[in-house]
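I opened my notebook today to look through a protein model, one topic at a time. Come along and check each entry against the structure.

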Amino acid sequence: MPPQVSETIDMSNNTLQNISMSLAVSNDTINSNSDLLYDVPPSIIALLSFFYGAISLVAISGNFCVLLIVATSRRMRTVTNCFIANLAVADVIIAMFAVPFQFQAALLQRWLLPPFMCAFCPFVQALSVNVSIITLTAIALDRYRAVVYPLKAKTSKLSAKVAIMAIWVFSALASVPYAIALRVTMVPDVQIGNDTTKPFCMNIHISPFVWKVYNHVLVTLQYFVPLFLISAVYITIAVKLKCSGTPGNTQCERDSNIMKNKKKVIKMLILVVLLFALCWMPFQLYNVLQEILPEINKYKYINVIWFCCHWLAMSNSCYNPFIYAIYNERFNTEFKNKFKCCMGLFRRRSPVERACDTTLSSRYG
């Protein structure tokens with residue numbers, strides 16, 4: 001992160017730590033020359049606030065619609081949709097706890113929230129990012145099993161629920177160091193001087209070396225390894241679908257439609273994974289580069305670059321509902337039905353409709 005923004009909040013803590021945003025400050029950053037940074041004007045701050053607020057609202061409302069559809073429509077309660085709903089839960093958590101709180105901490109360069117949130121917010125973000133990527137991996141493996149081994153028994157809903165529970169438990173355990181390490185402490189305020197201090201959220205319980213190793217391992221398991229595995233799985237699926245032929249029997253048309261639907265679902269899921277990879281890539285590259293070339297944090301506009309990379313990463317939480325609505329016919333239909341129902345509650349009825357209601361109530365009341 002930028003000298004003051006990235007390391008001060010250690011939010012990225014070198015990788016998906018960024019993702020997990022430790023919101024911790026490094027001593028080197030505190031002592032760095034803040035005058036070298038670009039002084040972000042109020043207009044840019046207002047613009048950043050608007051964009052961060054927008055992705056938070058869109059992510060919460062969009063993913064809530066996904067959860068509502070899966071919960072209320074029986075035909076939508078498939079194994080794949082259970083995983084999609086789990087992904088939506090993780091995105092809602094990011095939008096609620098990671099986007100607004102970490103943005104204000106990075107912008108203000110101090111921790112003004114309740115002390116317990118210093119450890120809680122980074123822990124929750126690390127948890128939700130872990131859940132997202134592991135869920136995407138589980139979806140890929142489930143699709144692989146369905147396409148490559150179509151004659152084997154399908155994954156049951158019970159197995160999917162057990163897998164989802166296991167995902168949350170493993171993700172929580174992998175995120176526990178954030179809850180242990182981070183606390184609010186007072187540090188020198190170099191911008192004001194005069195021996196003044198300010199509250200900062202930083203690692204005070206784990207040694208710097210262990211903390212650095214943990215974050216490197218986390219980013220590898222949280223980003224690079226899962227994406228490599230997912231890519232290999234979907235490439236195998238694509239080859240299988242391309243080589244598969246339709247049986248020449250009376251059920252030819254039915255089998256063709258089944259294969260067509262499978263391809264649509266696979267394309268939709270690949271798009272979800274690609275967006276995840278692309279949205280997080282700049283943020284991950286920044287954290288890798290700052291380890292190799294620490295001098296990039298002396299670049300005048302590095303704080304603006306950091307905010308752009310961070311915003312792009314956070315924005316990933318709001319795209320999936322639109323992908324489902326565009327590429328999945330069932331989700332598309334359910335979105336339209338729910339929207340019509342909501343609009344119907346607020347739509348003013350015409351005099352003719354009110355007259356009909358009066359006639360029916362008098363006739364059958």
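How many salt bridges does the structure hold? I looked, and the structure holds 3 salt bridges. One thing to keep in mind as I go: this is a predicted model.

**Entry on salt bridges**

I began with Glu 334, whose side chain meets that of Arg 75 in a salt bridge, at 3.4 Å from N to O. Glu 334 sits in helix H12 (residues 329-346) and Arg 75 in the loop between H4 and H5, so this pair ties together parts that are 259 residues apart in sequence. Glu 334 counts as buried because its relative accessibility is 8%, and buried means under 20%. Arg 75 has a relative accessible area of 41%, so I wrote it down as partly exposed.

My next pair was Lys 264 and Glu 329, with their closest N and O atoms 3.1 Å apart in a salt bridge. Here Lys 264 belongs to helix H9 and Glu 329 to helix H12, so the pair ties together parts 65 residues apart in sequence. Are these two buried or exposed? I found Lys 264 partly exposed, at 35% relative accessibility. Glu 329, at 57%, counts as exposed.

I also noted the salt bridge of Asp 142 with Arg 143, where the closest N and O atoms are 3.3 Å apart. Asp 142 is buried, and Arg 143 is buried too.

**Entry on cysteines**

How many disulfides does a search of the whole structure find? My search gave 1 disulfide. It joins Cys 118 to Cys 201, with 2.0 Å from S to S. I read 85 degrees about the S-S bond, and the link of Cys 118 and Cys 201 is right-handed. This pair links distant parts of the chain: Cys 118 is in helix H6 (residues 116-148) and Cys 201 in strand S2 (residues 197-203), 83 residues apart. Cys 118 counts as buried, at 0% relative accessibility, and Cys 201 is buried as well, at 1%.

I looked at Cys 121 next, and it is in no disulfide; its nearest cysteine sulfur belongs to Cys 201, 8.5 Å away. Cys 121 is buried, with a relative accessible area of 0%.

A disulfide needs the two sulfur atoms within 2.5 Å. I have Cys 309 down as buried, at 13% relative accessible area.

**Entry on surface patches**

Which residues form a positive surface patch? I listed Arg 74, Arg 77, Lys 157 and Lys 161. Arg 77 lies in the loop between helix H4 (42-72) and helix H5 (79-108). With 33% relative accessibility, Arg 77 counts as partly exposed.

My last stop was a nonpolar surface patch of about 790 Å², whose members include Phe 224, Leu 274, Leu 278, Met 281 and Ile 292. Where does the largest share of this patch come from? I traced it to helix H9 (residues 252-292), which gives 7 residues. Leu 278 is found in that helix, H9.

Notes. Residues are numbered from 1 along each chain as its sequence is written. This is a predicted model: local features need pLDDT of at least 70, side-chain atom pairs count only at pLDDT 80 or more; totals for chains, interfaces and linings use all residues. Side-chain values use heavy atoms; hydrogens and water are left out. Patches are made of residues with over 30% relative accessible area and no salt bridge: like charges are joined within 9 Å, nonpolar side chains (Val, Leu, Ile, Met, Phe, Trp, Tyr) within 5 Å. Accessible areas come from the Shrake-Rupley method with a 1.4 Å probe; for residues, only the protein chains shown count as cover. A salt bridge is a side-chain nitrogen of Lys or Arg within 4 Å of a carboxyl oxygen of Asp or Glu. Lys and Arg count as positive and Asp and Glu as negative; His and the chain ends are not counted. The place of a charge is taken as NZ of Lys, CZ of Arg, CG of Asp or CD of Glu. Helices (H or I, at least four residues) and strands (E, at least two) are DSSP runs, numbered from the N terminus. Buried means under 20% relative accessible area, exposed over 50%, partly exposed in between (1.4 Å probe, protein chains only).
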